[in-house]
Amino acid sequence: MEGSANERLDFGKMGYGCKHYRRRCQIRAPCCNEIYPCRHCHNEATVVCSVCDTEQPVAKVCTNCGVSMGEYFCEICKFYDDDTTKEQFHCNDCGICRIGGRDKFYHCKKCGSCYSNGLRDNHLCVENSMRHHCPICYEFLFDSLKDTTVMKCGHTMHCECYNEMMKRDKYCCPICSKSVIDMSRTWKRIDEEIEATVMPEDYRYKKVWILCNDCNDTTEVYFHIIGQKCNHCNSYNTRTIAPPVLPQ
């Protein structure tokens, strides 16, 4: 194939694929060693009954021996499972099957995913917040089997990753740097430390500009080695920035 390296990168773009994805590769399924355009195409093809080994079109009941191949069966996802204690249900808005019981979840249109009923009108919506990777382990959250949590800022991550982050005394969102828990007691303790720590004469009246990660306010404050306090929301979750450029 002739052309530059950049031209070769785009060769055939949007010209290959299937009804699910447009892409220029296929997968070999490890279960049958056959090649398919994607995993969904593979799942739509055929199934093999584990009881009588009959290969057949996708359906709930085996055409040969008559057993139900899954107590729970989703014709849309081509998904089977005998363990109904998981309380599986299909969410049309998500387009996939989920577990936990349909009556215990609702679909948040803006966040683009199912959340527990306890989060209804009780979380900050971030558009398509679940269609991202966990900022700690980088597993895709939307179809993850692990429990997820919504932080105060609206961003999401695995519950186990969140708990591990707390154990390591990390209290800021890895995505937006906002505080994820009430830090008022910590800010008060820092107030006391600053009051007890006098800065050297050379730095006592030094000022710096800061950006508050919690309220996004920018302000000029006195520099202190322990931390800089936001004058707007009293948070110490701040960082120094370059002074604003005044118009000429």
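Q: What makes residues 134–177 a "RING-type" domain here?
A: The label comes from UniProt, which places "domain: RING-type" (unreviewed entry) at residues 134–177. UniProt positions are given in the numbering used here, feature names are shortened, and annotations may be inferred rather than shown by experiment.

Q: What do the coordinates rest on, and which residues count?
A: This is a predicted model: local features need pLDDT of at least 70, side-chain atom pairs count only at pLDDT 80 or more, and totals for chains, interfaces and linings use all residues. Residues are numbered from 1 along each chain as its sequence is written, and side-chain values use heavy atoms, with hydrogens and water left out.

Q: What is the helix and strand content of residues 134–177?
A: The span is 20% helix and 14% strand. Its end C-alpha atoms are 15 Å apart. Helices (H or I, at least four residues) and strands (E, at least two) are DSSP runs, numbered from the N terminus.

Q: What makes strand 9 and strand 10 a pair?
A: Two strands pair if DSSP finds at least two bridges between them. Strand 9 (residues 105–108) and strand 10 have 4 bridges, in the antiparallel sense, so they meet that cut-off. Cys-108 stands opposite Ser-113 in strand 10. The two strands form a hairpin with 4 residues between them. Gly-112 in the turn has a positive phi of about 75°.

Q: Why is the largest pocket said to lie between domain 1 and domain 2?
A: Domain 1 (5–81) and domain 2 (92–168) both give residues to its lining, so the largest pocket lies between them. These bounds come from an automatic or database domain assignment.

Q: What makes a space a pocket rather than a cavity?
A: On a 1 Å grid over the protein atoms alone, a cavity is a set of points where a 1.4 Å probe fits but cannot get out. A pocket is an open set with protein on both sides within 12 Å along at least five of seven lines. Lining residues have an atom within 4 Å of a point.

Q: How many residues line the largest pocket, and which element gives the largest share?
A: The lining has 49 residues; Ile-96, Cys-97, Arg-98, Asp-143 and Leu-145 lie nearest the centre. Elements giving two or more residues include helix 2 (39–45) and strand 8 (96–98). Helix 2 gives the largest share, 6 residues. About 1,400 Å³ of space lies in this pocket. The volume is the space filled by probe spheres set on the points, and grid points are joined across faces, edges and corners.

Q: How do the lining residues of the largest pocket divide by class?
A: There are 25 nonpolar, 13 polar and 11 charged. Ala, Val, Leu, Ile, Met, Phe, Trp, Tyr, Cys and Pro count as nonpolar, Asp, Glu, Lys and Arg as charged, and the others, Gly among them, as polar.

Q: What is the strand order of the open sheet of 3 strands, and which strands are its edges?
A: The order is 14-13-15, with antiparallel pairing. Strand 14 (218–222) and strand 15 (238–241) are the edges: each pairs on one side only. Strand 13 (residues 207–212) and strand 15 pair over 4 bridges. Cys-212 stands opposite Thr-238 in strand 15.
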